[in-house]
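Welcome! This short report walks through some charged side-chain pairs, one at a time.

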Protein chains: 2
Amino acid sequence: MQTLTRNQQIIFDIINKSSEPLKAYTILSNVQKKGIKAPPQVYRALDKLIEMGKIHKIESKNAFVACQNSSCNVSKATAFSICESCEEVTEISNSKISKYLSNFAEKAGMEYKKYNLEFFGLCKKCK
Amino acid sequence: MQTLTRNQQIIFDIINKSSEPLKAYTILSNVQKKGIKAPPQVYRALDKLIEMGKIHKIESKNAFVACQNSSCNVSKATAFSICESCEEVTEISNSKISKYLSNFAEKAGMEYKKYNLEFFGLCKKCK
DNA sequence: AGTTTATTGTTATAAAATAACATTATGTAA
DNA sequence: TTACATAATGTTATTTTATAACAATAAACT
Ligand SMILES: [Zn+2]
Ligand SMILES: [Zn+2]
Ligand SMILES: [Zn+2]
Ligand SMILES: [Zn+2]
(Lines give C-alpha, C1' and ligand atoms only; values in the text may rest on other atoms or scores of the structure.)
(Ligands and ions follow the chains in the order given, each with its own letter.)
Protein backbone atom coordinates (compact mmCIF):
# COMPACT_ATOMS: atom_id res chain seq x y z
CA MET A 1 0.00 0.00 0.00
CA GLN A 2 2.01 2.83 -1.40
CA THR A 3 1.76 6.27 0.13
CA LEU A 4 1.06 9.21 -2.11
CA THR A 5 3.25 12.24 -2.51
CA ARG A 6 1.81 15.67 -2.00
CA ASN A 7 0.94 16.35 -5.62
CA GLN A 8 -0.35 12.85 -6.14
CA GLN A 9 -2.61 13.18 -3.11
CA ILE A 10 -4.02 16.52 -4.18
CA ILE A 11 -4.80 15.25 -7.63
CA PHE A 12 -6.17 11.94 -6.46
CA ASP A 13 -8.51 13.71 -4.03
CA ILE A 14 -10.00 15.84 -6.77
CA ILE A 15 -10.58 12.90 -9.06
CA ASN A 16 -11.92 10.77 -6.25
CA LYS A 17 -14.41 13.38 -5.11
CA SER A 18 -15.68 13.99 -8.62
CA SER A 19 -18.84 12.29 -9.79
CA GLU A 20 -17.63 12.34 -13.35
CA PRO A 21 -14.39 11.74 -15.25
CA LEU A 22 -12.08 14.72 -15.13
CA LYS A 23 -9.82 15.99 -17.87
CA ALA A 24 -6.23 16.89 -17.19
CA TYR A 25 -6.71 20.58 -17.79
CA THR A 26 -9.85 20.68 -15.66
CA ILE A 27 -7.81 19.15 -12.87
CA LEU A 28 -5.08 21.68 -13.47
CA SER A 29 -7.45 24.61 -13.14
CA ASN A 30 -8.77 23.13 -9.92
CA VAL A 31 -5.39 22.76 -8.27
CA GLN A 32 -3.70 25.97 -9.24
CA LYS A 33 -4.72 27.53 -5.94
CA LYS A 34 -2.80 24.70 -4.27
CA GLY A 35 0.39 25.56 -6.10
CA ILE A 36 0.27 23.09 -8.94
CA LYS A 37 0.72 25.41 -11.85
CA ALA A 38 1.76 23.54 -14.95
CA PRO A 39 0.59 20.59 -17.06
CA PRO A 40 3.61 18.37 -16.46
CA GLN A 41 2.91 18.37 -12.74
CA VAL A 42 -0.59 17.10 -13.41
CA TYR A 43 0.39 14.55 -16.01
CA ARG A 44 3.19 13.18 -13.85
CA ALA A 45 0.85 12.63 -10.95
CA LEU A 46 -1.73 11.07 -13.25
CA ASP A 47 0.85 8.67 -14.65
CA LYS A 48 1.86 7.50 -11.21
CA LEU A 49 -1.71 7.15 -9.99
CA ILE A 50 -2.50 5.04 -13.04
CA GLU A 51 0.55 2.88 -12.38
CA MET A 52 -0.62 2.33 -8.82
CA GLY A 53 -4.11 1.46 -10.00
CA LYS A 54 -5.68 4.32 -8.03
CA ILE A 55 -7.16 5.89 -11.13
CA HIS A 56 -7.90 4.86 -14.69
CA LYS A 57 -7.89 6.72 -17.93
CA ILE A 58 -11.01 6.59 -20.05
CA GLU A 59 -9.24 6.49 -23.38
CA SER A 60 -12.20 7.46 -25.49
CA LYS A 61 -12.68 10.63 -23.47
CA ASN A 62 -9.17 11.57 -22.41
CA ALA A 63 -10.45 11.73 -18.88
CA PHE A 64 -9.62 10.18 -15.55
CA VAL A 65 -11.66 8.43 -12.89
CA ALA A 66 -10.85 6.96 -9.50
CA CYS A 67 -10.84 3.18 -9.35
CA GLN A 68 -14.08 1.88 -7.89
CA ASN A 69 -12.92 -1.67 -7.56
CA SER A 70 -9.87 -1.95 -5.39
CA SER A 71 -9.74 -5.28 -7.13
CA CYS A 72 -8.99 -4.52 -10.72
CA ASN A 73 -5.60 -6.08 -10.35
CA VAL A 74 -3.60 -2.90 -10.21
CA SER A 75 -5.15 -1.53 -13.36
CA LYS A 76 -4.30 -4.51 -15.51
CA ALA A 77 -7.88 -5.19 -16.37
CA THR A 78 -10.38 -2.38 -16.69
CA ALA A 79 -13.92 -2.17 -17.99
CA PHE A 80 -16.32 0.73 -18.18
CA SER A 81 -19.76 1.57 -19.39
CA ILE A 82 -20.13 5.03 -20.74
CA CYS A 83 -23.44 6.79 -21.27
CA GLU A 84 -23.49 8.67 -24.55
CA SER A 85 -26.23 10.93 -23.33
CA CYS A 86 -25.26 12.07 -19.82
CA GLU A 87 -21.60 11.05 -20.06
CA GLU A 88 -21.86 8.97 -16.91
CA VAL A 89 -19.04 6.49 -16.56
CA THR A 90 -19.32 3.39 -14.42
CA GLU A 91 -16.51 1.01 -13.72
CA ILE A 92 -17.68 -2.53 -14.27
CA SER A 93 -16.86 -4.99 -11.58
CA ASN A 94 -14.74 -7.16 -13.69
CA SER A 95 -14.17 -10.55 -12.13
CA LYS A 96 -16.33 -12.48 -14.60
CA ILE A 97 -15.34 -10.55 -17.67
CA SER A 98 -11.78 -10.66 -16.53
CA LYS A 99 -11.86 -14.40 -16.23
CA TYR A 100 -13.49 -14.79 -19.60
CA LEU A 101 -11.07 -12.47 -21.35
CA SER A 102 -8.00 -14.00 -19.72
CA ASN A 103 -9.23 -17.32 -20.90
CA PHE A 104 -9.87 -16.03 -24.38
CA ALA A 105 -6.41 -14.50 -24.56
CA GLU A 106 -4.78 -17.67 -23.38
CA LYS A 107 -6.54 -19.77 -25.99
CA ALA A 108 -5.59 -17.27 -28.66
CA GLY A 109 -1.95 -17.53 -27.64
CA MET A 110 -1.84 -13.89 -26.66
CA GLU A 111 0.41 -12.96 -23.84
CA TYR A 112 -1.42 -9.92 -22.61
CA LYS A 113 -0.45 -7.77 -19.67
CA LYS A 114 -3.45 -5.57 -19.62
CA TYR A 115 -6.74 -4.86 -21.28
CA ASN A 116 -9.27 -2.09 -21.41
CA LEU A 117 -12.90 -2.44 -22.39
CA GLU A 118 -15.30 0.42 -22.98
CA PHE A 119 -19.02 -0.01 -23.56
CA PHE A 120 -20.99 2.89 -25.04
CA GLY A 121 -24.72 3.24 -24.78
CA LEU A 122 -27.38 4.59 -22.50
CA CYS A 123 -27.36 4.34 -18.74
CA LYS A 124 -30.46 3.35 -16.80
CA LYS A 125 -31.48 6.95 -16.19
CA CYS A 126 -31.17 7.91 -19.84
CA LYS A 127 -32.81 4.99 -21.57
CA MET B 1 -22.27 -0.77 -49.90
CA GLN B 2 -21.56 2.90 -49.81
CA THR B 3 -19.21 4.49 -52.32
CA LEU B 4 -16.39 6.63 -51.08
CA THR B 5 -15.81 10.24 -52.01
CA ARG B 6 -12.49 11.32 -53.39
CA ASN B 7 -10.96 12.36 -50.09
CA GLN B 8 -12.37 9.37 -48.28
CA GLN B 9 -10.92 7.04 -50.90
CA ILE B 10 -7.48 8.61 -50.79
CA ILE B 11 -7.35 8.40 -47.02
CA PHE B 12 -8.80 4.92 -46.85
CA ASP B 13 -6.23 3.67 -49.36
CA ILE B 14 -3.35 4.95 -47.28
CA ILE B 15 -4.66 3.39 -44.10
CA ASN B 16 -5.51 0.17 -45.85
CA LYS B 17 -2.08 -0.19 -47.40
CA SER B 18 -0.31 0.47 -44.14
CA SER B 19 0.94 -2.39 -42.05
CA GLU B 20 0.57 -0.34 -38.91
CA PRO B 21 -1.92 2.11 -37.40
CA LEU B 22 -1.55 5.59 -38.82
CA LYS B 23 -1.95 8.86 -36.99
CA ALA B 24 -4.00 11.66 -38.44
CA TYR B 25 -1.03 13.94 -39.01
CA THR B 26 1.00 11.16 -40.57
CA ILE B 27 -1.86 10.63 -42.96
CA LEU B 28 -2.01 14.34 -43.62
CA SER B 29 1.65 14.53 -44.52
CA ASN B 30 1.18 11.60 -46.87
CA VAL B 31 -1.72 13.11 -48.78
CA GLN B 32 -0.58 16.67 -49.17
CA LYS B 33 0.78 15.90 -52.60
CA LYS B 34 -2.74 14.82 -53.52
CA GLY B 35 -4.19 18.16 -52.52
CA ILE B 36 -5.44 17.42 -49.05
CA LYS B 37 -3.79 20.19 -47.15
CA ALA B 38 -5.43 20.70 -43.78
CA PRO B 39 -6.34 18.67 -40.70
CA PRO B 40 -10.12 19.10 -40.99
CA GLN B 41 -10.08 17.39 -44.37
CA VAL B 42 -8.38 14.40 -42.84
CA TYR B 43 -10.50 14.27 -39.71
CA ARG B 44 -13.71 14.55 -41.69
CA ALA B 45 -12.79 11.65 -43.90
CA LEU B 46 -11.71 9.63 -40.87
CA ASP B 47 -15.03 10.29 -39.15
CA LYS B 48 -16.99 9.09 -42.13
CA LEU B 49 -14.85 6.03 -42.63
CA ILE B 50 -15.33 5.11 -38.99
CA GLU B 51 -19.08 5.57 -39.33
CA MET B 52 -19.07 3.23 -42.31
CA GLY B 53 -17.02 0.67 -40.42
CA LYS B 54 -14.19 0.81 -42.97
CA ILE B 55 -11.64 1.85 -40.39
CA HIS B 56 -11.34 1.86 -36.61
CA LYS B 57 -9.66 4.18 -34.19
CA ILE B 58 -7.22 2.68 -31.72
CA GLU B 59 -8.13 4.93 -28.83
CA SER B 60 -5.05 4.26 -26.77
CA LYS B 61 -2.81 5.32 -29.62
CA ASN B 62 -4.83 7.96 -31.43
CA ALA B 63 -4.27 5.99 -34.58
CA PHE B 64 -6.36 4.44 -37.29
CA VAL B 65 -6.45 1.01 -38.92
CA ALA B 66 -8.48 -0.51 -41.71
CA CYS B 67 -11.09 -3.01 -40.62
CA GLN B 68 -9.86 -6.55 -41.09
CA ASN B 69 -13.16 -8.19 -40.40
CA SER B 70 -15.81 -6.99 -42.77
CA SER B 71 -17.97 -8.49 -40.09
CA CYS B 72 -17.50 -6.30 -37.06
CA ASN B 73 -21.06 -5.12 -37.37
CA VAL B 74 -20.33 -1.72 -38.85
CA SER B 75 -17.87 -0.85 -36.11
CA LYS B 76 -20.25 -1.48 -33.24
CA ALA B 77 -18.01 -4.07 -31.70
CA THR B 78 -14.27 -3.85 -31.99
CA ALA B 79 -11.42 -5.70 -30.36
CA PHE B 80 -7.68 -5.39 -30.82
CA SER B 81 -4.49 -6.81 -29.49
CA ILE B 82 -1.65 -4.35 -29.32
CA CYS B 83 2.00 -5.28 -28.95
CA GLU B 84 3.75 -3.00 -26.51
CA SER B 85 7.11 -3.81 -28.02
CA CYS B 86 6.72 -3.57 -31.80
CA GLU B 87 3.42 -1.66 -31.74
CA GLU B 88 1.76 -4.23 -33.96
CA VAL B 89 -2.01 -4.05 -33.84
CA THR B 90 -4.20 -6.97 -34.78
CA GLU B 91 -7.95 -6.83 -35.03
CA ILE B 92 -9.46 -9.74 -33.18
CA SER B 93 -12.11 -11.66 -35.00
CA ASN B 94 -14.83 -10.94 -32.59
CA SER B 95 -17.78 -13.24 -33.01
CA LYS B 96 -17.23 -15.15 -29.77
CA ILE B 97 -16.19 -12.23 -27.66
CA SER B 98 -18.96 -10.22 -29.18
CA LYS B 99 -21.52 -12.80 -28.22
CA TYR B 100 -20.16 -13.05 -24.70
CA LEU B 101 -20.03 -9.32 -24.18
CA SER B 102 -23.50 -8.73 -25.61
CA ASN B 103 -24.75 -11.33 -23.23
CA PHE B 104 -22.93 -9.78 -20.33
CA ALA B 105 -24.30 -6.35 -21.14
CA GLU B 106 -27.82 -7.65 -21.42
CA LYS B 107 -27.65 -9.34 -18.04
CA ALA B 108 -26.23 -6.18 -16.51
CA GLY B 109 -29.17 -4.20 -17.86
CA MET B 110 -26.90 -2.12 -20.04
CA GLU B 111 -28.26 -0.94 -23.31
CA TYR B 112 -25.06 -0.66 -25.21
CA LYS B 113 -24.67 0.43 -28.78
CA LYS B 114 -21.01 -0.20 -29.14
CA TYR B 115 -17.94 -1.44 -27.39
CA ASN B 116 -14.22 -1.32 -27.82
CA LEU B 117 -11.73 -3.72 -26.30
CA GLU B 118 -7.97 -3.30 -26.36
CA PHE B 119 -5.52 -5.94 -25.17
CA PHE B 120 -1.93 -4.90 -24.49
CA GLY B 121 0.96 -7.30 -24.34
CA LEU B 122 3.48 -8.99 -26.55
CA CYS B 123 2.78 -10.38 -29.97
CA LYS B 124 4.07 -13.78 -31.06
CA LYS B 125 7.17 -12.33 -32.64
CA CYS B 126 8.11 -10.29 -29.60
CA LYS B 127 7.52 -12.74 -26.80
C1' DA C 1 27.83 13.15 5.20
C1' DG C 2 27.83 11.83 0.58
C1' DT C 3 25.57 9.57 -3.22
C1' DT C 4 21.79 8.03 -5.75
C1' DT C 5 16.98 8.18 -7.05
C1' DA C 6 12.43 10.14 -7.14
C1' DT C 7 9.71 14.11 -7.20
C1' DT C 8 8.86 18.83 -8.19
C1' DG C 9 8.99 23.41 -10.56
C1' DT C 10 9.22 25.91 -14.87
C1' DT C 11 9.33 27.32 -19.70
C1' DA C 12 8.53 26.13 -24.07
C1' DT C 13 6.77 23.28 -27.62
C1' DA C 14 4.68 19.35 -29.92
C1' DA C 15 0.73 16.67 -31.20
C1' DA C 16 -4.18 15.93 -31.74
C1' DA C 17 -8.57 17.78 -32.69
C1' DT C 18 -12.16 21.21 -33.71
C1' DA C 19 -14.60 25.89 -34.72
C1' DA C 20 -16.13 28.76 -38.08
C1' DC C 21 -17.12 30.13 -42.49
C1' DA C 22 -16.71 30.22 -47.57
C1' DT C 23 -16.97 27.37 -51.72
C1' DT C 24 -18.03 23.58 -54.68
C1' DA C 25 -20.20 19.34 -55.86
C1' DT C 26 -24.06 16.14 -55.77
C1' DG C 27 -28.70 14.67 -55.49
C1' DT C 28 -33.66 15.62 -55.89
C1' DA C 29 -37.93 17.47 -57.44
C1' DA C 30 -40.63 20.69 -60.02
C1' DT D 1 -33.33 22.20 -67.24
C1' DT D 2 -33.63 25.03 -63.33
C1' DA D 3 -34.17 25.63 -58.51
C1' DC D 4 -33.50 23.99 -54.14
C1' DA D 5 -31.51 21.21 -50.59
C1' DT D 6 -27.84 18.43 -48.81
C1' DA D 7 -23.30 16.71 -48.53
C1' DA D 8 -18.50 17.29 -49.21
C1' DT D 9 -14.58 20.26 -49.62
C1' DG D 10 -11.25 24.10 -48.89
C1' DT D 11 -9.15 27.31 -45.72
C1' DT D 12 -7.63 29.91 -41.64
C1' DA D 13 -7.30 30.09 -37.00
C1' DT D 14 -7.65 28.25 -32.57
C1' DT D 15 -8.38 24.95 -28.88
C1' DT D 16 -7.27 20.90 -26.43
C1' DT D 17 -4.16 17.33 -24.99
C1' DA D 18 0.39 15.88 -23.98
C1' DT D 19 5.49 15.95 -23.72
C1' DA D 20 10.58 17.65 -24.00
C1' DA D 21 14.11 19.61 -21.60
C1' DC D 22 16.42 21.21 -17.78
C1' DA D 23 16.99 23.17 -13.08
C1' DA D 24 15.93 22.71 -8.18
C1' DT D 25 14.35 19.97 -4.02
C1' DA D 26 13.31 16.22 -1.38
C1' DA D 27 13.66 11.36 0.07
C1' DA D 28 16.01 7.08 0.41
C1' DC D 29 20.28 4.45 0.89
C1' DT D 30 25.25 3.29 2.26
ZN1 LIG E 1 -10.40 -0.14 -11.17
ZN1 LIG F 1 -27.01 8.62 -18.96
ZN1 LIG G 1 -13.45 -4.27 -37.88
ZN1 LIG H 1 5.49 -7.29 -31.21
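## A buried lysine and its partner

Let's begin with A:Lys61, which counts as buried at 18% relative accessibility (buried means under 20% relative accessible area, exposed over 50%, and partly exposed in between, with a 1.4 Å probe and protein chains only). A:Lys61 pairs with A:Glu87 in a salt bridge, their closest N and O atoms lying 2.6 Å apart (a salt bridge is a side-chain nitrogen of Lys or Arg within 4 Å of a carboxyl oxygen of Asp or Glu). A:Lys61 sits in the loop between strands E1 (55-58) and E2 (63-66) of chain A, and A:Glu87 in the loop between strands E3 (77-83) and E4 (89-91) of that chain, so the pair ties together parts that are 26 residues apart in sequence. Strands (E, at least two residues) and helices (H or I, at least four) are DSSP runs, numbered from the N terminus. A:Glu87 is partly exposed, at 39% relative accessibility.

## How the model is read

This is a predicted model, in which local features need pLDDT of at least 70 and side-chain atom pairs count only at pLDDT 80 or more, while totals for chains, interfaces and linings use all residues. Residues are numbered from 1 along each chain as its sequence is written, chains are lettered from A and ligands numbered from 1 in the order in which they are written, and side-chain values use heavy atoms, leaving out hydrogens and water.

## A link between chains

Now for A:Lys113 and B:Glu84, which form a salt bridge with their closest N and O atoms 3.7 Å apart. A:Lys113 lies in strand E5 (residues 111-122) of chain A and B:Glu84 in the loop between strands E3 (77-83) and E4 (89-91) of chain B, so this pair joins two chains.
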